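Subject: Structure for your review

Dear colleague,

Please find below the structure that I am handing over to you. My notes on it follow directly after it.

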Amino acid sequence: MSITVSSIAAAVARANAAMEPLEQVLNDADAKLGDGDTGGMLARVIGKMAKVDLASVADPGAALSQLAKAATLATGSSLGTLFATGLLAAGREAKGRETIGVGDLSGLVATARDAMIARGGAALGDKTVLDSLDAVAEALKEAETPEQAASAAAKAASDALDAFRSRPNRIGRARMFGDQTIGIDDPGMLAIKELTAALAG
Amino acid sequence: MKKLMNKPSDFVDEMLDGLVAANPSLALSGETGRVVHRATPIRKGKVGVVSGGGSGHLPLFTGYVGEGLLDSCSIGNVFEGPTVGSCMEAIRLADGGKGVLRLYGNYGGDRMNFDMAGEMLEDEGIRTTTVLGNDDVASAGPTERQKRRGVAGIIYAYKTAGALAEAGADLDAVTAIAKKTVDRTRTIGVALSPCQVPGSDKPSFTLGENEIEMGMGIHGEPGIWRDTLREADTIADEMIDRLLADKPEGPGTRASILVNSLGATPLEELFILYRRARAKLEAARIAIVRPLVGHYATSMEMAGASISLCFVDDEIEALLAAPAYCPFWTVTA
């Protein structure tokens, strides 16, 4: 079993549909730490990605790059740019391969994670979307089928959110709230949990 | 806070529409609709100078697009970085085949977006370089200058890099003069009252009725101290003292000074500050060249002012004197 351009398109459509109920949830989560726009921003980004016609795209890598470019038009926010950075890096790594195997997914998520660390300057453990992706990359190592991959990713993202809830945010605007962020979910981590759940659902 | 606006979500786009409608030298384009560029296309063979940043700071950043200054500028929502897409469009519009200097303020989000835009354009064969404005002395100590934020003083680098690019210099030379100008420019601000982002139900920060904050950033970032308002001369003295304490190595007997309103503070008060600042500088044996007093880099309706010093050498001074035209800053030969 492998990941194709059409399965990527289907995943984006699914994520886009999931954003409708999620938008307000993420905005509310962000309002506790920032300006309450994480949901609206992600809805714009994923909505723009869903409009990309992937029918004529050669391979999964090129599809990811096209999606990254669409994302860059939709937002100037740091989380949105990091999201596009991860997609672009994964797309570059997969470039030229006709299909992506389930066994490649862990490596691609790790590539996205590392590109996002390099771009944004956050470290693992800072309680950001990076910690979710790190957990997802680890969990995907064991997956053998697309179904296993989807459920492993969803579980890992959910566990990461739970594990980091009791820790403080250490970067970005949320950092200014210091220990007040203990007990509060990071909106980016929450987004990864909900989106992976939607893909596994 | 009262504002003349329609829907908050239309604030930036309607502002840009009006800006270009009032100024035929400017044009607005791009898929994002958030790129301001010169109405006349870039001359083939000229190095491009591009900037960008959030809205809410006019004349910064878009207002400095013009002859002898910027070629194009990407613009974000109020106090938000421009999108990567708009940065790419701005860089393409500033590409005359000889490369493009990205010259913008040192903010994490802007850096991410411009870096990514540059990487994505490498595939198109456009060579870019980067110089970051980091003139705000209150935002980090002298040993951590690379961490300082960029504020009003970046306009000096716009002017010198823009003039050198107009004169036909190559990308390395334009980049070097921008870097040198940034390295020789220092700014400090003082805030008297806060500002409010359109659509938000509260100000970005609060200040007591009789309180001021020395060193506050242009988005309300915390400064050095917060205390009661004092006389203008006392404030000007402290600002100049702090700038001189941070004076760069090298030539230091001539400086251009910029006394800038953060938005609501009137010209009258700026001239009161200027008069004292000038006397302080003369007492320190620093001659003032090309003083600027007015609204050059604002934070919506924030009250307060910033003072910038650009310690010039012969090269910078000559480039500051070169002809330039944009809607908010004209230099004639």
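In this predicted model, strand β5 of chain B, residues 100-105, is joined to β6(B) by 6 bridges, and the two strands run parallel. Within this pair, B:Leu101 has B:Thr129 of β6(B) opposite it.

Both strands belong to an open sheet of 6 strands in chain B, whose order is β1-β2-β4-β3-β5-β6 and whose pairing is mixed. The edges are formed by β1 (26-29) and β6 (128-133) of chain B, each of which pairs on one side only. On average, and ignoring direction, neighbouring strands of the sheet are turned by 25° against each other.

Helix α5 of chain B (residues 171-183) lies across β3, β5 and β6 of chain B and runs at about 10° to β6(B).

Which residues make up the contact between the chains? Chain B provides 15 residues and chain A provides 12 residues. On the side of chain B that touches chain A, the elements giving two or more residues are α2 (84-93) and α3 of chain B. Of these, α3(B) gives the most, with 6 residues.

Yours sincerely

How values were computed. Residues numbered from 1 in each chain as written. Chains lettered and ligands numbered in written order. Predicted model: local features only at pLDDT ≥ 70, side-chain atom pairs only at ≥ 80, totals over all residues. Pairing = 2+ DSSP bridges. Helix = DSSP H or I, 4+ residues; strand = E, 2+ residues; numbered from the N terminus. Axes fitted to C-alpha atoms, helices over the stretch in contact; angles between N-to-C directions. Contact = placed C-beta atoms within 7 Å.
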